[in-house]
Every structure is written in structure tokens, then in C-alpha cells.
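Student: Could you take me closely through one part of this model, the pocket with the greatest volume, and through the elements around it?

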Amino acid sequence: MFYYHYRNLYPYYYRQQDSPFPPVDISFFQKSLVTYQTLLEHGQTIINHFVSSREKMTQLMDAAQASDDAEVDRLIRETGVPTVVETSYSPTGVTFTLRGDVGDAQCCTLTMYLRWGF
């Protein structure tokens, strides 16, 4: 049930004391959110790396067009991002996928698709 406090319009969730469900444990979710923030920062670093240089954009597109996976990987490593970046590309765009772990469990994935042609 959602209830609105009379002083504001922001909803809050009211959980009845006799709920048949166990209390939630937010600890893993909280760690996932923190890890995802790091993935967002790494994604921003990748974007900034290519935005800052027409030459680097051209190199990435040329390597992808030639299906030169090793060169594409080298260009991504050149960004300095410590997260492993999975890259796939097509004639119309490139997809960067970054995955985060909490302990031994994968917790989150950031996928960025950038279109570079029609």
C-alpha cells in the first residue's frame, strides 16, 4: 500500500507488521548500486576518451570495419578503464558492455550502445 504524508506528496511504503514475507536484506543491493556507480564512471571515461579525439574515433571505426578485434580491444584498453569491456560492433554502431562483481557474484551490467551509421 502506498500512503501519502499530509505534508508532502512523496509516497512511502507502509509495511504491515503481520506481513507474511520475511524482512528484506538490502546489503547486496546496496553493494550492487555502489558497484554500478563505478561502472558508470568507467563508462563515462570511455565516452570522454573517444569524444576528445576525432583520431581515436576514426581508429575505432576503422578497426571495427576491418573486424580487427585485437585493435578494437587495444583502443579500449588505452582508455585506462580497469573494468573488462566487452565490445561488439556492426555497420550501424558499437556496444560496450561492462560488468561488475560483488565478491564472487556478478551484480550488475552497464551496456552502452552508440550508433555510428545508418
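Tutor: A pocket here is an open set of grid points, on a 1 Å grid over the protein atoms alone, with protein on both sides within 12 Å along at least five of seven lines, and its lining residues have an atom within 4 Å of a point. In this predicted model, the largest pocket holds about 230 Å³ of space, and its lining consists of Ile-46, Ile-47, Phe-50, Val-51, Met-57, Leu-60, Met-61, Val-94, Phe-96, Leu-114, Arg-115 and Trp-116. Helix H1 (27-51), helix H2 (54-65), strand E4 (93-102) and strand E5 (105-115) each contribute at least two residues to the lining, with H1 giving the largest share, four residues.

Two of the lining residues, Ile-46 and Phe-96, also belong to the largest nonpolar core, where, together with Val-85 and Leu-98, they touch the most other members among its 19 residues. Elements that give two or more residues to this core are H1, H2, helix H3 (69-77), E4 and E5. Leaving aside residues up to four places away in sequence, Ile-46 touches Thr-79, Val-81, Val-85, Phe-96, Leu-98 and Met-112.

As for the strands, E4 is mostly covered, with eight of its ten residues buried. E4 pairs in the antiparallel sense with strand E3 (residues 85-90) over six bridges, Ser-88 standing opposite Thr-95, and with E5 over ten bridges, where Val-102 has Ala-105 as its bridge partner. E4 and E5 form a hairpin with two residues between them, and Gly-103 in that turn has a positive phi of about 65°.

Conventions
Residues are numbered from 1 along each chain as its sequence is written. This is a predicted model: local features need pLDDT of at least 70, side-chain atom pairs count only at pLDDT 80 or more; totals for chains, interfaces and linings use all residues. Side-chain values use heavy atoms; hydrogens and water are left out. On a 1 Å grid over the protein atoms alone, a cavity is a set of points where a 1.4 Å probe fits but cannot get out, and a pocket is an open set with protein on both sides within 12 Å along at least five of seven lines; lining residues have an atom within 4 Å of a point. Grid points are joined across faces, edges and corners, and a volume is the space filled by probe spheres set on the points. A nonpolar core is a set of buried Ala, Val, Leu, Ile, Met, Phe, Trp, Tyr and Cys residues joined through side-chain atoms within 4.5 Å. Buried means under 20% relative accessible area, exposed over 50%, partly exposed in between (1.4 Å probe, protein chains only). Contact means heavy atoms within 4.5 Å. Two strands pair if DSSP finds at least two bridges between them.
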